[in-house]
Amino acid sequence: MDRHMILYRGSLKSCNYHCSYCPFSKRPMSARELENDRIQWFSFVQSLQEKAEKMQIGALMVGPYGEAMIHPWYWEGLAQLSACAKMDAVGIQTNLSFGVREFADCFARTGGAFAKLRLWATFHPEMTSVSDFAAKCRQLQEQGIQLCAGSVGVPQNLSLLRQLKQQLDGIYLWVNKMDGLRRAYTQEEREAFLEIDPYFERELMLLPANAALCQGRLFVEADGKLHTCNISAVLRQTSWRDTIDSFPSPECSRKQCSCYLAYGGRADFMNQILFGPYPLFRIPRRPKAVFLDIEGTLLPDAAGDRVSDGVMEGLNALAREGVLLFFATTLPYEKAMERCRRIRHLFAGGIFAGGAHLVLESGGDLREFFYEIDDSWVTDLSVLRSEFGFRILLYRNINKLHEPLYKATLFRPRHRSWCLQEAEEILSRLSLNMDRIRYFIEGNCLQIVAAKADKANGVKVLCSWLGISPKDAAAAGNSDEDKGMMELC
């Protein structure tokens, strides 16, 4: 992502709720301790306003140990940050026990932007009713505030959570795994929770920790201590109170990312597909269509066909939500289907051959289009083969009588990559109309397609077939060929 998101946790460690399983209701805080938390919070707010632009911070999530939203200073600080032009969004975890009218008046009076506020609301069935909690969620949504709601996946609470999902009327209801269950969920329980939360299987995954996926993230404590995330150790010799203006290298000694705040903040394209540019808010993006590059994205191993567990569960979650999935690849259709045989059943076609072949499969019907190119120059290639050391792979539309060409690949051994100078020299010696073709290099492959054939244009066409805007779609990839598509979505 272009802009970063950070987490903050103050010194607050008390709560107005008295849930039997929670330690924070057992420890009251003195007036002096609360005042110290207020001072630390406003000090952080001021420093974040000063550092946001230099550090390219676009969003903040407050993850308190207790309940922060019963204290007006958090309302004021969030309002100040939301009014900052450098900040895209600010959010906080809360049990929603605060007064909505009092909060809204204070937030507006302090100059807050409701459209930038994100709430992560937790339902505690011991302390509130389904109807009261859902009503408050809807009341906040009517203020223009985006929010998610959720609860721990206690099997005995399934009927309550079903009721809550119905009353939330479209607000996403997440389910956290129950750490104290002391047994695995039964298959019946997993399926029941999946009906409530289509992303629940992601909660049950045991993702190995990987600091390389945590560049550009920080967890800041009230006293200035810095961590890579909320469960990692303190970063050595670094403090928020120092004059840092860049993100320190991530450090992690954990074996697994054991909670959403840990795995949801990783630089994982699936996190952003599912939850947008700032996934830690846990508010689903819910695109109508998703376009995914294959090599290096869906399949990180160039020689393998295995999709990672995290990506696989993300695809399954999108499918459960009814989102249409499309490949977006420079591979021809047949090769793409072979590489993705394990997941092709989840996809409804896609953009193939660098945008030269478009496919929509729906309900047994097939719609496709080819950007064809003149092939009169192909015979001239044979003269250049030995000089430049390549083989010619031609891809044709066999559905038409004369089998028109839609893509040509000049293929070299894997250890011999093409350079731009060689590509331009070859094309200059062919009788090609350069206004009607484009070329791009992929290592040892020089690809030639029609000028209009690219992934971005493919997204436009497929979206027009679906009757949706590209702005209602999402896309992910890792090469220059993907940039236009990703900017469009």
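The charged end of Arg-9 sits over the ring of Tyr-65, 3.9 Å from the ring centre. A charge counts as sitting over a ring if NZ of Lys or CZ of Arg is within 6 Å of the ring centre and within 35 degrees of the ring normal. Arg-282 also lies over a ring face, that of Tyr-260, at 4.3 Å from the ring centre. The model is predicted: local features need pLDDT of at least 70, side-chain atom pairs count only at pLDDT 80 or more, and totals for chains, interfaces and linings use all residues. Residues are numbered from 1 along each chain as its sequence is written, and side-chain values use heavy atoms, with hydrogens and water left out.

The structure holds 29 aromatic pairs. Rings of Phe, Tyr and Trp (its six-membered ring) pair if their centres lie within 6.5 Å; planes under 30 degrees apart count as stacked, over 60 as edge-to-face and the rest as tilted. Tyr-8 and Phe-44 are stacked, at 4.3 Å centre to centre with 20° between the planes. Tyr-8 belongs to strand 1 (residues 4-9) and Phe-44 to helix 1 (residues 31-55), so this pair ties together parts that are 36 residues apart in sequence. Helices (H or I, at least four residues) and strands (E, at least two) are DSSP runs, numbered from the N terminus. Tyr-8 is buried, with a relative accessible area of 1%, and Phe-44 is buried at 3%. Buried means under 20% relative accessible area, exposed over 50%, and partly exposed in between (1.4 Å probe, protein chains only).

The pair of Tyr-185 and Phe-200 is edge-to-face, because the ring centres are 5.5 Å apart and the planes stand at 75°. Tyr-185 lies in the loop between strand 6 (173-176) and helix 6, and Phe-200 in helix 7 (residues 200-204), so the pair ties together parts that are 15 residues apart in sequence. Both Tyr-185 and Phe-200 are buried.

Helix 6 (residues 187-196) contains Glu-189. Glu-189 counts as buried because its relative accessibility is 12%. Leaving out residues up to four places away in sequence, Glu-189 touches Pro-155 and Arg-183, where contact means heavy atoms within 4.5 Å.

Among the buried residues of helix 14 are Val-461, Leu-462 and Trp-465. Helix 14 is followed by Gly-467, whose phi is positive, near 75°.
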